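Let's go through the labels on this one and check what stands behind each. Have a look at the model first.

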Amino acid sequence: MTASEREEISISCFGRNPWILKELLHEARDAYLKKDEAKTAIYRGTTRSGTAEPHWQRCMSRTVRPFSTVILNDEAKKTLIDDVTDYLNPATRRWYANRGIPYRRGYLLHGPPGTGKSSLSLALAGFFKMRIYIVSLSSVTANEENLATLFAELPRRCVVLLEDIDTAGLTHTREGGAQDSVADGADNGADASTNTAVPNGHPQPPNQNANGRLSLSGLLNILDGVASQEGRVLIMTTNHIEKLDKALIRPGRVDMIVKFDRADTSMTAQIFRAIYAPLEADEMPSSLSSSSTTTTTAAAAAAATTSSVSPGLWWLERGTKSTVPLLTPEEEQRRDAAAAEVARKKDETIARVNELAEQFAAKIPAHEFSPAEIQGYLLKNKRDPEKAVAGAEDWVVATRKEKKEKELKEAEEKRAKEEKEKKEREEKEEKEKEKKKKKRKDKGRKKSSKKTKKSKKETESESESSTLESSSSAAESDASESEREEKERSKKKRKPAASAPTPASPAEGGASDASAPVELRREEEEAGSEAKAQPGDVIPTIAVDTVKSKEAAERPPQTPGADSGYGTPS
Ligand SMILES: Nc1ncnc2c1ncn2[C@@H]1O[C@H](COP(=O)(O)OP(=O)(O)OP(=O)(O)O)[C@@H](O)[C@H]1O
């Protein structure tokens, strides 16, 4: 019993002996279990109305669905049943425990919608007499916290069905990287294989989900984290195996993959037979055929043989015929004759249904329609198999048309949605651009106003200092003025020679060069090197004072090649 199912009931009795209470409880328990004996109890993960508290709600209990009613490749079915049988064996549990391997088993059922994935899960739960706990990962309940709570409440032995695992954020790979091709199963119907090849996911950012509900790592933690329940049979279903992250379906999480497909010819014929062939369960309750109570009358049997309804449906009518109590010997005779007739008719019907099934299957193109679609059409004609066969071609045409229209509509909706999103994106970008532009403008304006203020201040301080200095350094200014003029002249002289070095006295050149900007010095150096390259050029003369010229006269003559870069005056 799970935590969410627990309720408290107080029972008391007179006296000291609790025996009567124990008896009562045992009886109640047996009655409860008996009620569910031939049924599969189905629980759905949901939240309590009015609160966000997750819990398993018992939504119904269904009559056990026989495995035979799920149309699937026989080998696949057998492999699956054998695998689950072995897993549920108590010896297997011990085997896992002794080796320290988590006692879990996972199955992945994949294929297009309506191909029997849920039906097989239900049949499996019924076959092993287990309850089935269903959560759809596309439902609002499926966030990480809720799922963790739900999984913590699971009983030890049960089937957990996780539907639509390609939804939420689980289509994204944890590793990124290139997308591999999907490992395909058998073409024919369905197949089951142990999980040796698993497909890669999309190269998407890790653990990102489209709606922020359930991340991949969150789900993996729930499925096989330390706190996760052991002993359950996990079944995951998806319509898009190619979208799944390989981490989600790696061995250990998914131990067997079963592929479901659209109906081929043989499947179509099986679906037809499943709908129209008489089954034991369709027979009248045995109590009605008992001579001590009531039985079908000979008239009823006769009516069955002469019925105007289609031969495939006589058993549908049969149950509606009236019954009468007690029989005379003649009536008994007639009843036996009628029973023999019924048996003969039944064989005939089966043969006829088989024939019709072949005809029907031949009219339905293979691998185009899901079993659910075919079943849906047949159910519309459940009382008339011949009419179903006759109308099969028209149904194919109409369904194709319907599908095409639906596809077109969906494509149109998708296109409109994409266009709308694109437009919204562009508008957003435009707005952002405008915002940035405005910000830049505001910044520029602030800067320029700051600059004007600063330059204003500088001019004011400059003018102040210049008035202060002007009187005291008139002589200096004259000297520097003359120095500047001198420099200017020397530059002018150098310029026409373009590459001629600038001869300068140590006093003059040293002082002025040291204070000159780096660029100017570099220019002079370059000019000097160029001058060395053309020693024949005319070197301009410059005025030097007598002391310096004396020193120069005493110095040994320098060749242009040994020049330090400033050149040798001629
Ligand atoms: N292989 C099948 N054998 C028997 N019945 C089937 C099969 N496939 C589909 N059906 C019938 O079609 C209906 C839908 O099937 P089911 O819900 O099992 O499909 P599904 O693959 O789980 O679909 P979805 O992917 O949409 O959940 C059911 O009534 C079921 O009886």
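Q: How many nonpolar, polar and charged residues does the shell around the ligand have?

A: By class, the shell has seven nonpolar, seven polar and one charged residues. Here Ala, Val, Leu, Ile, Met, Phe, Trp, Tyr, Cys and Pro go down as nonpolar, Asp, Glu, Lys and Arg as charged, and the others, Gly among them, as polar. Bear in mind that this is a predicted model: local features need pLDDT of at least 70, side-chain atom pairs count only at pLDDT 80 or more, and totals for chains, interfaces and linings use all residues. Numbering starts from 1 along each chain as its sequence is written.

Q: What makes a residue part of that shell, and which are the closest?

A: Its C-beta atom, placed from the backbone, has to lie within 6 Å of the molecule. 15 residues surround the ligand, and P113, G116, S118, P371 and A372 are the closest.

Q: Why is R250 called partly exposed?

A: R250 has 14 C-beta neighbours inside 10 Å, so it counts as partly exposed: buried takes 20 or more other C-beta atoms (placed from the backbone) within 10 Å, exposed 12 or fewer, and partly exposed is in between.

Q: Where does R250 sit?

A: You'll find R250 in the loop between β7 (233-238) and β8 (256-259). Its C-alpha is 9.8 Å from that of G106, 144 residues apart along the chain.

Key: Helices (H or I, at least four residues) and strands (E, at least two) are DSSP runs, numbered from the N terminus.
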